[in-house]
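Subject: Structure handover

Hi,

Here is the structure I promised to pass on. Please open it first, then read my notes below.

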Amino acid sequence: MTSSVTLTPTPPPIDDLQGWLAGFTEPTVGAELAALAACVILAWGLTAVMRRALGMKDEKSSVLFGHRLFDGVMFPLLLLTLAYIARTLLSQQLPLAVFRVAIPVLVSLVAIRVGVKVLQVAFPLATWIKPLERTISWVAWGAMVLWVSGLLPVVLNELDQITWKIGGSVLSLRTLIEGALTASAVLILSLWVSAAIESRLLRSAVGGDLSLRKAVSNAMRALLMFLGLIIALTTVGIDLTALSVLGGAIGVGIGFGLQKLAANYVSGFVILAERSMRIGDNVKVDNFEGRISDIKARYTLIRSTTGRESIVPNEILITNRVENLSLADARVWQSTVVSVAYDSDVDLVRRLLTDAALAQPRVMRDPAPSAALSAFGADGLEFTLGYWIADPENGQLNLRSDINMAILKSLRGNGIEIPYPQRIVHMKPGPAPEPRA
């Protein structure tokens with residue numbers, strides 16, 4: 001790689017800065033400020049009306065509207081459009097000074113809001129979003145300052161003088177920077193479109209429909225990101241045929257070193273497509289039982305009733321044995337075992353156990369709970385109380401505890417004894433002592 005500097009005539013620096021600054025002392029500045037204030041009020045009103053009409057008042061994941069009125073992209077975008085219209089109308093009658101600053105500021109504000117909101121929606125839990133947001137802000141405001149001051153053409157011309165020769169192509173530093181910015185813009189736009197599609201697909205989906213729509217959403221995001229990358233590389237001027245060698249190397253890497261990673265991605269799409277496991281199902285994998293909270297392209301999140309989360313690679317869910325407790329029916333059967341004394345009234349005990357289960361609103365009435373004499377224990381009669389619940393995601397141990405406490409209270413109230421372990425020790429007499437001589 002070689003570096004060369006080519007001498008070409010540079011554009012003039014800041015053009016008529018004194019005259020531009022003197023324009024702020026003209027009486028027409030008041031008219032410009034009034035027009036800009038009217039644009040702000042009108043953009044605020046239009047954003048509020050559109051937000052209320054589209055039902056986006058409490059929509060936190062919206063890129064256009066955001067959590068607050070000024071948080072989304074819609075407000076600065078409308079303000080920029082109205083400011084352009086106002087500048088066009090006023091430029092025919094007045095010399096402009098305020099709008100020469102306002103337009104670049106609004107363009108930078110729109111770029112910042114688009115980049116920040118799209119990244120927040122696409123990667124809500126990523127830790128690297130904050131520094132990237134600050135980078136976007138610094139780049140946008142720096143470009144705005146160069147634009148307003150008139151230094152932008154000068155800087156671009158200087159960057160165009162620094163060139164590298166790579167093979168038969170000559171690339172300049174300006175081309176690389178513009179290509180990076182173009183690639184970033186295309187990728188952000190792809191993320192925006194994929195986030196909008198995902199939000200629309202998953203808004204009202206439940207059960208198996210949710211898993212299928214999640215698969216479509218993941219496929220659309222991957223496709224849009226790939227197309228965005230191809231468009232960005234083409235915009236920079238990179239010949240895509242030169243990537244054939246890289247594609248072959250990636251294929252070899254997937255075949256040897258990345259086969260596990262590729263298997264997890266393929267398994268994720270298989271799970272979502274055939275719907276053998278769905279978001280919301282209660283499953284048991286490798287002695288870990290919980291509810292599927294999300295199915296990603298590479299792994300699946302399973303959250304237990306104790307609050308712990310397990311990250312399971314999708315390949316394990318395809319190749320290993322998985323117990324799905326909710327595939328055919330979301331209902332779950334539970335039981336508890338109670339021992340009473342042998343002289344207890346069996347019919348009364350069964351009725352008390354059934355009533356204790358029916359007293360809990362989470363216990364299903366159809367099928368009804370049942371109590372059975374299950375075993376003759378060493379210390380007493382053993383009864384098994386079985387019942388069905390339809391919401392295992394709300395916890396199972398807490399419900400079993402409430403039923404056991406109700407059983408204990410009922411048995412004590414009716415004088416039924418819960419036996420303690422009793423052991424009888426029989427001692428055999430030893431041989432009689434021999435008489436003394």
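The protein chain has 13 helices and eleven strands. Keep in mind that this is a predicted model.

**The chain as a whole**

Of the 437 residues in the protein chain, 33% are buried. The accessible surface of the chain is about 26,500 Å². Carbon and sulfur atoms hold 63% of that surface.

Strands of a sheet pair through backbone hydrogen bonds, either parallel or antiparallel.

Take a look at S6 (residues 299-303) beside S7. Five bridges join these two antiparallel strands.

**The salt bridges**

How many salt bridges does a search of the whole structure find? The search gives six. Here are some to look up.

- Asp-281 and Arg-278: their side chains meet at 3.3 Å, N to O. Asp-281 has a relative accessible area of 4%, so Asp-281 is buried. Arg-278 has 18% relative accessibility and also counts as buried, because the cut-off for buried is under 20%.

- Glu-323 and Arg-321: this salt bridge is 3.2 Å, N to O. Glu-323 is partly exposed, with a relative accessible area of 29%. Arg-321 is exposed, with 67%.

- Arg-362 and Asp-391: the side chains form a salt bridge of 3.2 Å, N to O. Where do the two residues lie? Arg-362 is in the loop between helix H12 (346-358) and strand S10 (370-376). Asp-391 is in the loop between strand S11 (381-389) and helix H13 (397-413). The pair therefore ties together parts that are 29 residues apart in sequence. Asp-391 counts as buried, at 17%.

Start with the sheet, then turn to the salt bridges.

Best wishes

Methods: Residues are numbered from 1 along each chain as its sequence is written. This is a predicted model: local features need pLDDT of at least 70, side-chain atom pairs count only at pLDDT 80 or more; totals for chains, interfaces and linings use all residues. Side-chain values use heavy atoms; hydrogens and water are left out. Two strands pair if DSSP finds at least two bridges between them. Helices (H or I, at least four residues) and strands (E, at least two) are DSSP runs, numbered from the N terminus. A salt bridge is a side-chain nitrogen of Lys or Arg within 4 Å of a carboxyl oxygen of Asp or Glu. Buried means under 20% relative accessible area, exposed over 50%, partly exposed in between (1.4 Å probe, protein chains only). Accessible areas come from the Shrake-Rupley method with a 1.4 Å probe; for residues, only the protein chains shown count as cover.
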